[in-house]
Amino acid sequence: MKSAPRSVTGATAGVSRQCIAIIDYGSQYTQLIARRVRESRVYCEIFPHDVTRAQLDAEGVVGLILSGGPSSVYDEGAPGIAADLLDGRLPVLGVCYGMHLMTHVLGGEVVAEGRREYGPAVVEITDHSGLFEGLGAEERAWMSHGDSVRTLPPGFHPIATTSRLVAAMSDGRNRYAVQFHPEVMHTPRGAEVLRNFLYRVCGCTGDWTSAAFVEEAVAELRATIGDRHALCALSGGVDSAVAAALVSRAIGDRLTCVFIDTGMLRKDEGKQVIATFGPRLRLVAVDASERFLGKLEGVTDPERKRMIIGEEFVRCFEEEATRSSAFGAVDLLVQGTIYPDVIESRSKDSKTSARIKTHHNVGGLPEIMSLAVVEPLRRLFKDEVRRVGAELGIPEDILWRHPFPGPGLAVRVIGAIDRASLDTLREADAIFLEELRAADLYRQVAQAFAVLTPVRSVGVMGDFRTYGSLVALRAVTTEDFMTADWARLPHELLERVSARIVNEVPAVNRVVYDITSKPPGTIEWE
């Protein structure tokens, strides 16, 4: 009987280890705080602002970081915090809105400045103990706020100032707050501030490593899966490959990997996946291209595309689960969902973050399905996934393969999809990636691809008028895929790619290069 999708396991949930709780107040930097903490080899989780002390105690939390956010503490319905989380029993670091909230709840005064301060500032440090150990008398920091602290809470004193305001405060024990954002690169020594909080204030031991994750995840998978059989949605990308390797280590030949050709893959991708993973894992390849393209006929809305693809993926896997019953009853589906997927799909864990777009393997799952979902990488960022993959012995060419969206070329053909448009895009995309590799730049960018736009333009080829399609090229650099910058590729390379595409792909007569960062854009166009 079909039921609502269930998540069997995340990233080693319930394992006993030190954890820092990041309380989410809707800042665009909340996930960046998490990355900085993880980079310091300390495990952390992001929690909604109404989390309780009992919930945090159950997770082994040893310290709190209160994120920034767009609200003022005086706004109607402004997110708050349980008072017992600020009683001094747990170390706390408030960041921006987190500082305002601490001040407001603990009896100080927060005021609206009448104008926002957004940009660099010079912070004068007056107390170096604890949070600012090892830093200079003056440091640069990044500000982004509208309110500020006028009167500190009882028992607190300023530990850093600017020419305009209190930049940091402390109770002299284990409660700290900063007006600036230590998590961003524009605060050059911000990582040291966070490490001081983690190690000097919270007493963390730095036990969050790839080897530790693998050991803990395998143990949890064995415990939660038991003697059951599972299918793994294997696309050939790094996320699904690492997820498959992790679950395979846990349950061995009770895992069957399924590769579904939706008809929206890159050039020769199906052959490459079968050749790479067929000898390593029990692999079933399914050609479902007619099925997917039929369902997507005439569909132009990108969210509708994602929902259709998510639905069909699951239905395909349910059918394969029945076919695979010869190996044992199958009721589990392994997916390579990672943290940015969850965040951008507005995870159920977050009550303040906005949905940017659904991912077919998160927000795109149908409401009713017969398979429970296993997501062993759900709390990992992309760089962490690669480190775990290296720990598991996955080859580098797979680990460093550029990400490819679950919906595939469906979200890179803007507008309606048909075989002709997909074939056109496949050829243009293959040329771009081929030239990147030839220039030894493939590893220098985090993701690169071509987009087939619905724009048609006039051109001249061989003295004849053409009216062809416009292809956009996109290449970005990023550490975490939460923010990204456009890659400064050599002009000669772009010229060569453009010339090849317009000469070798008959339907295309114009090529442009996307120089939009994320934000305000996303990495994908749809």
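At what angle do the axes of H13 and helix H14 cross, and within what distance do they come? In this predicted model, the axes of H13 and H14 (residues 491-504) come within 10 Å and cross at roughly 150°. Axes are lines fitted to C-alpha atoms, for helices over the stretch in contact, and angles run from 0 to 180 degrees between N-to-C directions. H13 and H14 are therefore roughly antiparallel to each other. Angles under 35 degrees count as roughly parallel, over 145 as roughly antiparallel, 65 to 115 as roughly perpendicular and the rest as oblique. The crossing of this pair, H13 and H14, is right-handed. A crossing is right-handed if the near helix is turned clockwise from the far one by less than a right angle, and left-handed if anticlockwise. On the H13 side, the contact is made by Ala428, Ile431, Phe432, Glu434, Glu435 and Leu436. H14 contributes Leu493, Arg496, Val497, Arg500, Ile501 and Glu504. Contact here means heavy atoms within 4.5 Å. By class, the contact of H13 with H14 holds 7 nonpolar, no polar and 5 charged residues. Ala, Val, Leu, Ile, Met, Phe, Trp, Tyr, Cys and Pro count as nonpolar, Asp, Glu, Lys and Arg as charged, and the others, Gly among them, as polar.

Residues are numbered from 1 along each chain as its sequence is written, and side-chain values use heavy atoms, with hydrogens and water left out. Because the model is predicted, local features need pLDDT of at least 70 and side-chain atom pairs count only at pLDDT 80 or more, while totals for chains, interfaces and linings use all residues. Helices (H or I, at least four residues) and strands (E, at least two) are DSSP runs, numbered from the N terminus.

H5 passes H6 in a right-handed crossing. From H5, the contact draws on Phe213, Val214, Ala217, Val218, Leu221, Arg222 and Ile225. From H6 come Leu246, Val247, Arg249, Ala250 and Ile251. The contact of H5 with H6 has 10 nonpolar, no polar and 2 charged residues.

Strand E5 (residues 92-95) is covered on both faces. Val92 and Gly94 are buried on one side, and Leu93 and Val95 are buried on the other. Buried means under 20% relative accessible area, exposed over 50%, and partly exposed in between (1.4 Å probe, protein chains only). In a regular strand the side chains alternate between the two faces of the sheet. E5 pairs with strand E4 (residues 61-66) in the parallel sense over 3 bridges. Two strands pair if DSSP finds at least two bridges between them. In this pairing, Leu64 stands opposite Val92 in E5. E5 also pairs with strand E10 (residues 175-178), in the parallel sense over 4 bridges. There, Val92 stands opposite Arg175 in E10.

Cys202 lies in the loop between helix H4 (190-201) and helix H5 (210-225). Cys202 is buried, with a relative accessible area of 12%. Neighbours within four places in sequence aside, Cys202 is in contact with Ile20, Val62, Gly63, Pro91 and Phe197. Arg53 is buried, at 13% relative accessible area. Leaving aside neighbours within four places in sequence, Arg53 is in contact with Asp84, Leu85, Asp87, Arg89 and Leu90.

Backbone geometry comes next. Most residues other than glycine have a negative phi, and most peptide bonds are trans. Arg41 has a positive phi of about 65° although it is not a glycine. Arg41 sits in the loop between helix H1 (30-39) and strand E3 (44-48). At 46% relative accessibility, Arg41 is partly exposed. Asp440 also has a positive phi, near 60°. Asp440 is found in the loop between helix H13 (419-438) and strand E16 (447-461). Asp440 is exposed, with a relative accessible area of 65%. A cis peptide bond joins Lys518 and Pro519, with omega about -10°. A cis bond also joins Pro519 and Pro520, with omega about 15°. Pro519 is found in the segment after strand E19 (508-513), and Pro520 is in the segment after E19.
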